[in-house]
Amino acid sequence: SGPNAYSVYMRAVQEKGANSSIVSELQSRVRGTLEAKSQEVFRTYYQESETGQMSWEEIVRLQDWLNQIQHSPESMAFLEYARGMNEMSKHNYRFAQQSLESALRLKPNWPLALNGLGRAYFNLHDFSQAEHYYLLASAADPSWKFPYSNLGNLYRDALGNFQEAEKQFQKAISLDPSRSSFHFNLATLYFTRGKQYWPQACSEFRQSLDTSSAKSLTPTEASLASQRMKKSCQGI
């Protein structure tokens with residue numbers, strides 16, 4: 001409860017001026033902490049698609065403060081990305097798209113921004129643009145797993161290209177076999193294609209519920225995986 005460091009800083013800027021000695025001292029003291037936290041948050045998000053204990057609204061404040069100190073195109077790109085993801089979390093997909101496009105202009109060919117734009121366009125039901133940006137993201141970093149998983153969902157749920165969906169899910173799994181959500185996505189594809197694919201669905205649902213990797217499933221996904229595993233594994 002009470003004021004946080006960011007609000008104290010902004011009050012100092014408003015009351016004393018951006019070039020005042022107290023603002024300069026605050027910037028000097030906090031810069032290292034902000035830089036370390038920003039790097040940690042974005043590294044974790046790139047690797048795990050999770051932001052830890054911070055919300056995107058908090059990350060926006062962090063990046064805004066850091067951008068006021070650094071004044072660099074990359075710092076501004078991180079701020080625009082955080083703004084875009086904050087809008088995404090609120091289902092304001094058009095605003096998310098605009099912020100993510102700004103981030104991409106500041107940091108061209110950035111996989112995070114490319115993948116984020118794919119997600120924004122997917123939610124706007126512009127599936128050709130979603131595919132375009134997911135493919136650009138996977139080309140920008142072929143070793144990054146999430147664009148392949150997103151492509152799989154796009155081909156399965158929106159474009160009805162089940163062979164391509166299977167290919168993309170398997171690519172994501174090859175890059176991170178321990179991630180439950182990837183196995184769940186592939187299992188869902190097999191399950192919905194019909195009983196002839198249920199042996200594969202059974203295997204993938206089992207892997208998705210493995211305790212060593214189940215942390216990436218939501219409670220709803222875990223419950224659905226359990227129900228569908230029992231059904232698809234009958235008679236095997």
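This dialogue explains how to read several features of a predicted model.

Reader: How many helices and strands does the protein chain have?

Author: Helices (H or I, at least four residues) and strands (E, at least two) are DSSP runs, numbered from the N terminus. In the protein chain there are twelve helices and zero strands. Its C-alpha atoms fill a box of roughly 75 × 35 × 30 Å, taken along the principal axes.

Reader: What percentage of the residues of the protein chain count as buried?

Author: Buried means under 20% relative accessible area, exposed over 50%, and partly exposed in between, with a 1.4 Å probe and protein chains only. By that rule, 45% of the 236 residues of the protein chain count as buried.

Reader: Which residues does Ser232 touch?

Author: Contact means heavy atoms within 4.5 Å. Ser232 lies in helix α12 and counts as buried because its relative accessibility is 2%. Not counting residues up to four places away in sequence, Ser232 touches Phe191, Trp198, Ala201, Cys202 and Phe205.

Reader: Which residues of helix α11 are buried?

Author: An α-helix has 3.6 residues a turn, so residues three or four places apart point the same way. In helix α11 (residues 198-208), the buried residues are Trp198, Ala201, Cys202, Glu204, Phe205 and Ser208. These buried residues of α11 pack against α9 (162-175), α10 and α12 (219-232).

Reader: How do the axes of helix α8 and helix α10 cross?

Author: Two packed helices are described by the angle between their axes and the distance between the axes. Axes are lines fitted to C-alpha atoms, for helices over the stretch in contact, and angles run from 0 to 180 degrees between N-to-C directions. The axes of helix α8 (residues 146-159) and helix α10 (residues 180-193) come within 11 Å and cross at roughly 20°. Therefore α8 is roughly parallel to α10; angles under 35 degrees count as roughly parallel, over 145 as roughly antiparallel, 65 to 115 as roughly perpendicular and the rest as oblique. On the α8 side the contact is made by Phe146, Ser149, Asn153 and Arg156, and on the α10 side by Phe182, Asn185, Thr188 and Leu189.

Reader: Where does Thr51 lie, and is Thr51 buried or exposed?

Author: Thr51 is found in the loop between α2 (21-48) and α3 (56-70). Thr51 counts as buried because its relative accessibility is 17%. Leaving aside neighbours within four places in sequence, Thr51 is in contact with Tyr45, Trp56 and Ile59. A polar atom of the Thr51 side chain also lies 2.6 Å from the backbone oxygen of Met54.

Reader: Which residues other than glycine have a positive phi?

Author: Among them are His91, with a positive phi of about 65°, and Asn109, whose phi is near 60°. His91 lies in the loop between α4 (73-89) and α5 (93-106), and Asn109 in the loop between α5 and α6 (111-123). His91 is exposed, with a relative accessible area of 55%; Asn109 is also exposed, at 51%.

Technical notes. Residues are numbered from 1 along each chain as its sequence is written. This is a predicted model: local features need pLDDT of at least 70, side-chain atom pairs count only at pLDDT 80 or more; totals for chains, interfaces and linings use all residues. Side-chain values use heavy atoms; hydrogens and water are left out. A polar contact is a pair of N or O atoms within 3.5 Å; within protein, one must be able to donate a hydrogen and the other to accept it, and residues adjacent in sequence count only if both atoms are side-chain atoms.
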